[in-house]
Amino acid sequence: MKKSTITAGLMALALGTAAQAEDVLRIATEGAYPPFNNVTADGELVGFDVEIAKALCAEMKRECEIVAQDWDGIIPGLVNDKYDAIVASMSITEERQQAIDFTDPYYSNYLSVVAASDTEITQDTLKDASIGAQRSTIGSQWAEDTYGSRADIRLYDTNPAAFSDLKAGRVDTVVVDFLPGAAWVGENDGFGFVGDRIDIEDKIGIGIRKGEADLAAALNAALAAIRANGTYEAISVEYFGVDIF
Amino acid sequence: MYQEFKYLISDSVCAGLSPLSGDLFGKACPRFIDGFLVTIELLVLACGIGFFLAIGLTLARMSGRRPLAWPATALVYVFRGTPLLVQLWIIYFGFGSLGEDILGPILWSFFKNPWLVGLLVLTLNTSAYVSEIFRGGLANVDRGQLEAALSIGMPWLRAMRRIMLPQAIRIAWPAYGNELVLMMKGSALISTITVLDLMGQTRTVFARNFDLTTYLYAAILYLVLAGLITAFVNTIERRMQLSAGR
Amino acid sequence: METLHTLLGPLSFGQGGWGDDLLKGAFLTLQLALCAMTAGLVLGLLLAGAKLSSSRLLRWPASGYTLFVRGVPEFLILLIVFFGSDRLLNWTATSLGLEAGYEVPKFLAAVIGLSLIFAAYACEIFRGAYLAVPTGQIEAGAAIGLTRRQVFLRIRFPQLWRFAIPGLGNLWMVVLKDTSLAAVIALNELLRIAKLGGETEIRPLLFFTAAGVIYLIMTSVSDIGRASLEARARRGVAEV
């Protein structure tokens with residue numbers, strides 16, 4: 001994690017860089033959302049999103065460059081043409097669709113509520129508990145929309161920060177996407193899910209700038225192709241043991 | 001009860017503003033005003049407690065007794081020498097990560113609450129700066145007065161409290177007013193420890209609409225607050241001049 | 001010794017340790033502060049000139065600007081610059097008929113944001129210093145037949161620094177501390193490295209305290225430098 005972010009910081013010292021040549025497809029991911037996208041100690045971006053992005057590029061026979069971008073600035077960066085696509089487990093929402101376009105979905109997402117295993121909180125009493133979530137995620141927006149802006153919702157810059165407060169006991173629950181939630185629960189004894197996963201009919205898509213119909217068509221065709229030839233399923237099984245499409 | 005009262009205020013304010021406000025502000029209005037009230041609440045408490053703490057710190061530093069002077073000097077030095085954001089993160093994320101097992105139930109009930117941690121750090125921070133301001137004020141008060149008071153048998157503490165400090169505060173008042181505005185600006189940082197003050201609410205609104213005017217609305221509210229603080233400081237200053245002239 | 005190692009191990013230098021990374025972060029912090037201070041001084045001088053000018057067209061915008069910056073949180077201004085600069089740059093590019101796709105690097109955005117803030121404070125310091133030159137000296141200059149320009153260049157300007165140095169020394173300390181805000185826009189300065197290290201090693205208290213100590217060292221050294229600069233500025237001036 002650290003080496004890459006430091007190099008990225010130093011590289012940012014260079015003055016404004018213009019858009020790269022047309023043939024390289026620049027893809028942004030967050031790099032702080034295991035197991036979908038994170039950075040290894042060697043500074044390499046890995047995870048389900050990254051593998052899917054690479055598979056799509058191979059299918060389209062285009063050279064790709066994958067960069068890490070903090071979540072808060074990931075949509076503004078796309079709009080400002082810092083990169084051409086976001087493959088970062090981003091939910092397709094109406095609000096986001098006002099700013100950017102999405103491809104067809106590449107997997108289905110569910111929400112989950114994580115808490116200490118011995119908690120008495122249920123999904124019905126969640127409104128009285130403190131709810132942690134990463135700022136500007138589908139989880140925090142679901143909590144705000146369900147319980148209102150005046151519930152005890154604590155917003156963090158990253159998911160690990162929210163989980164760290166959950167572990168310390170400073171927040172009662174964390175609302176997080178189901179699969180990363182399951183990964184964290186698997187690594188931390190004494191924590192589990194509150195109730196079943198929550199289906200909010202959430203589909204994850206690739207974000208692209210508005211009006212880029214050619215790119216959308218190319219990505220959708222590539223997605224259909226890796227679905228059909230088994231590449232997608234192989235990646236999904238490698239990470240989750242099941243096909244999460 | 002109190003919480004509901006605050007909500008009632010912001011709902012009425014927003015209802016009152018609704019014919020005037022645009023689409024974006026209208027939708028986010030209760031959030032802005034909720035946050036605005038949290039900011040005011042924290043500022044009033046932090047600056048109120050900080051004022052008296054600063055007097056205590058100043059007296060301790062000037063008392064000439066090492067067990068009192070050294071800790072006070074160290075506290076002022078550390079809080080003035082490091083960024084507020086670092087102080088907030090050391091205490092919230094740093095000490096907070098120790099958890100209930102190490103901190104014990106009483107301390108933990110405090111560290112558990114981001115609002116209280118924010119209040120603590122803001123209070124300590126402002127008292128360090130204000131103590132330095134008061135010390136500067138004291139340096140400009142004629143020391144002969146203190147010596148005169150001591151020579152007629154007045155205890156040192158009372159001489160400081162009744163004679164030296166009131167004059168020092170009057171001299172330092174404009175600088176103190178500046179510090180209040182700086183504190184208001186610094187308070188925006190508590191949004192990084194999950195407190196939904198005006199800045200926290202603003203960032204939450206921006207995270208959903210990516211509309212830069214969100215920040216401009218917040219800027220206007222902060223400017224209103226700066227105006228209120230300046231008006232307060234000026235009123236007190238006029239009163240002090242009046243009573244000094246009598 | 002062993003307990004000391006487990007206690008401070010993550011801060012060691014080299015492979016697996018964060019000591020070198022923290023120092024790199026501190027170096028970036030210093031760079032950021034120096035750039036922001038330099039740009040802020042230049043801007044502040046221009047602003048002070050505008051505020052002292054006889055033209056309302058210059059005076060009013062400058063006053064409005066300093067009022068705005070001094071009443072709005074630094075954090076908010078930094079976010080506005082961070083998110084707004086890219087948009088402004090690309091909007092300008094497209095209106096000029098160029099292709100969009102430019103980005104303002106985070107370091108530059110942070111320098112712009114911080115220097116816009118400090119310019120407002122530097123402006124007030126310069127203005128105060130300008131007005132602090134005794135009017136007797138100005139009148140004396142005029143009496144011996146110096147032009148207004150000469151009065152400015154020979155009498156006011158050389159003394160500006162003398163009167164401004166205590167305020168500017170203070171401002172430098174504020175700049176140094178406020179660079180930490182850049183951590184929130186994900187620039188890898190000292191505090192952000194400490195945050196990354198603390199999250200990776202799950203030792204936030206250790207890492208944030210280490211960052212705090214480094215800031216304290218930087219401000220302490222600056223304080224010594226400031227004191228000697230102030231002493232120099234007072235050289236040859238009779239104490240009143």
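Q: In which loop of chain A is the place of Pro35(A)?
A: Pro35(A) lies in the loop between strand 2 (32–33) and strand 3 (37–39) of chain A. The model is predicted.

Q: What makes the peptide bond from Pro34(A) to Pro35(A) cis?
A: Omega for the bond from Pro34(A) to Pro35(A) is near 0°, and the bond is cis. Most peptide bonds are trans.

Q: Why is the contact of Asp81(A) and Arg209(A) called a salt bridge?
A: The N to O distance between the two side chains is 3.0 Å. The cut-off is 4 Å between a side-chain nitrogen of Lys or Arg and a carboxyl oxygen of Asp or Glu, so the pair of Asp81(A) and Arg209(A) qualifies. Over all chains, the structure holds 25 salt bridges.

Q: Why can the pair of Asp81(A) and Arg209(A) be said to tie together parts that are apart in sequence?
A: Asp81(A) belongs to the loop between helix 3 (74–79) and strand 6, whereas Arg209(A) belongs to the loop between strand 13 (198–208) and helix 8 (213–228) of chain A; the pair therefore ties together parts that are 128 residues apart in sequence.

Q: How do you know where the largest cavity lies relative to domain 1 and domain 2 of chain A?
A: Domain 1 (2–107 + 202–240) and domain 2 (110–200) both give residues to the lining of the largest cavity, so the cavity lies between them. About 140 Å³ of space lies in this cavity. Its lining has 15 residues, and Tyr33(A), Gln134(A), Thr137(A), Ile138(A) and Asp177(A) lie nearest the centre. The elements giving two or more residues to that lining are strand 6 (85–91), helix 5 (138–147) and strand 11 (173–177) of chain A.

Q: What makes up the lining of the largest cavity by class?
A: The lining has six nonpolar, six polar and three charged residues.

Q: What describes the area buried between domain 1 of chain A and domain 2 of chain A?
A: The two domains bury about 1,100 Å², with 50% given by carbon and sulfur atoms. Tyr33(A), Trp71(A) and Asp202(A) supply 41% of what domain 1 buries against domain 2, more than any other three residues. In this interface, 14 residues of domain 1 are in contact with 14 residues of domain 2. The number of salt bridges found across it is zero.

Q: Why does the pair of Arg150(A) and Asp11(B) count as a salt bridge?
A: The side chains of Arg150(A) and Asp11(B) come to 3.1 Å, N to O. This distance is within 4 Å, so the pair meets the cut-off. Seven salt bridges are found across the interface of chain A and chain B.

Q: How much area is buried between chain A and chain B?
A: About 2,100 Å² is buried there, 47% of it given by carbon and sulfur atoms. Arg135(A), Arg150(A) and Arg170(A) supply 37% of the area that chain A buries against chain B, more than any other three residues. Chain A gives 20 residues to the contact and chain B gives 24 residues.

Q: Which atoms give 78% of the area that chain B and chain C bury?
A: Carbon and sulfur atoms give that share of about 2,900 Å². On chain B 36 residues take part in the contact, against 31 residues on chain C. One salt bridge is found across this interface. Glu74(C) and Lys185(B) have their closest N and O atoms 3.4 Å apart, which is within 4 Å, so the pair counts as a salt bridge.

Q: How many helices and strands does chain B have?
A: Chain B has ten helices and zero strands. The C-alpha trace of chain B spans about 70 × 55 × 35 Å along its principal axes.

Conventions:
Residues numbered from 1 in each chain as written. Chains lettered and ligands numbered in written order. Predicted model: local features only at pLDDT ≥ 70, side-chain atom pairs only at ≥ 80, totals over all residues. Heavy atoms only, no water. 1 Å grid on protein atoms, 1.4 Å probe; cavity = no way out; pocket = protein on both sides within 12 Å on 5 of 7 lines; lining within 4 Å. Points joined across faces, edges and corners; volume = space filled by probe spheres on them. Helix = DSSP H or I, 4+ residues; strand = E, 2+ residues; numbered from the N terminus. Nonpolar A, V, L, I, M, F, W, Y, C, P; charged D, E, K, R; others polar. Domains from an automatic or database assignment. Contact = heavy atoms within 4.5 Å. Buried area = accessible area lost by both parts, 1.4 Å probe.
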